Amino acid sequence: MHFIYYNGLRIEMNLVYYYAILEEFFIMIISFLLAIMMMVGLFLLLWAGVGLIQNKRFFSTAPIEVLEVLGDKKERFKGQHVLGYILGVIAILLMLGSIVIGAVNGIRNGFTLNQLFLRFLIIFLLTKAFDIIFFDWILLCNRGFGFFRALLFRIVECAEY
C-alpha cells in the first residue's frame, strides 16, 4: 500500500486507484482526439466543396442572391474537381471513422448507453463549437479567407526577429 500525507493526515492509496484514474484520463483523451478527427474532417469537407469542387448543387440551400453572384467557375488547374472529390471522400471517411472508433472503443471499455451518449455529445458539441468559432466567426465575420495569409505573415515576422 502507498500512503500520502495531506495536511498531516495519512491517506492510503493503492495502485488500483491510480490505474482507474489513469484509465479515465486516457478515455477522455481518446474522446478529444476523436473530436479533433471530426473537426479536421469538417474542415476538409468545406475546403473540398467550396475551394475545389465549386458545384452549385452543393449550394442549393443558399439564398438566390448568393447563387446569382457565384456564377460558373472554370478549373484553376487540371484535376481540381477530382482532387476536391477525393478530399471530400477522405473528409467523410474521417468523420465516419471518428464515430466508429468512438463506438467500438466505448463498447470495449464497457460503456453504458449514457456514457456513450455523453461521449458523442461531447464530440459533436466540440465540433459545433469549432464550426461556430472558426468558420463563422474567424473566416466569415472577421478575416475572410485572408486569415491564412495574415497568419503566415505573422509567423514570418516572428521568425525574422
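Here is a short briefing on the structure above. It is a predicted model, in which local features need pLDDT of at least 70, side-chain atom pairs count only at pLDDT 80 or more, and totals for chains, interfaces and linings use all residues. Residues are numbered from 1 along each chain as its sequence is written, and side-chain values use heavy atoms, with hydrogens and water left out.

**Confidence**
- The chain has a mean pLDDT (the predictor's confidence in each residue, from 0 to 100) of 80, and 73% of its residues reach 70 or more.
- Confidence is highest in helix α3 (residues 80–108), at a mean of 94, and lowest in helix α5 (residues 147–160), at 58; helices here are DSSP runs of H or I, at least four residues, numbered from the N terminus.
- Where pLDDT is low, the predicted coordinates should not be read in detail.

- V40 belongs to helix α1 (residues 15–53).
- At a relative accessible area of 39%, V40 counts as partly exposed, a class between buried (under 20%) and exposed (over 50%), using a 1.4 Å probe and protein chains only.
- K56 sits in the loop between α1 and α2 (64–70), and K56 is also partly exposed, at 35%.

**A buried threonine**
- In helix α4 (residues 113–143) you will find T127, which is buried, with a relative accessible area of 8%.
- Leaving aside residues up to four places away in sequence, T127 touches A35, M38, M39 and L42, where contact means heavy atoms within 4.5 Å.

Key. Helix = DSSP H or I, 4+ residues; strand = E, 2+ residues; numbered from the N terminus.
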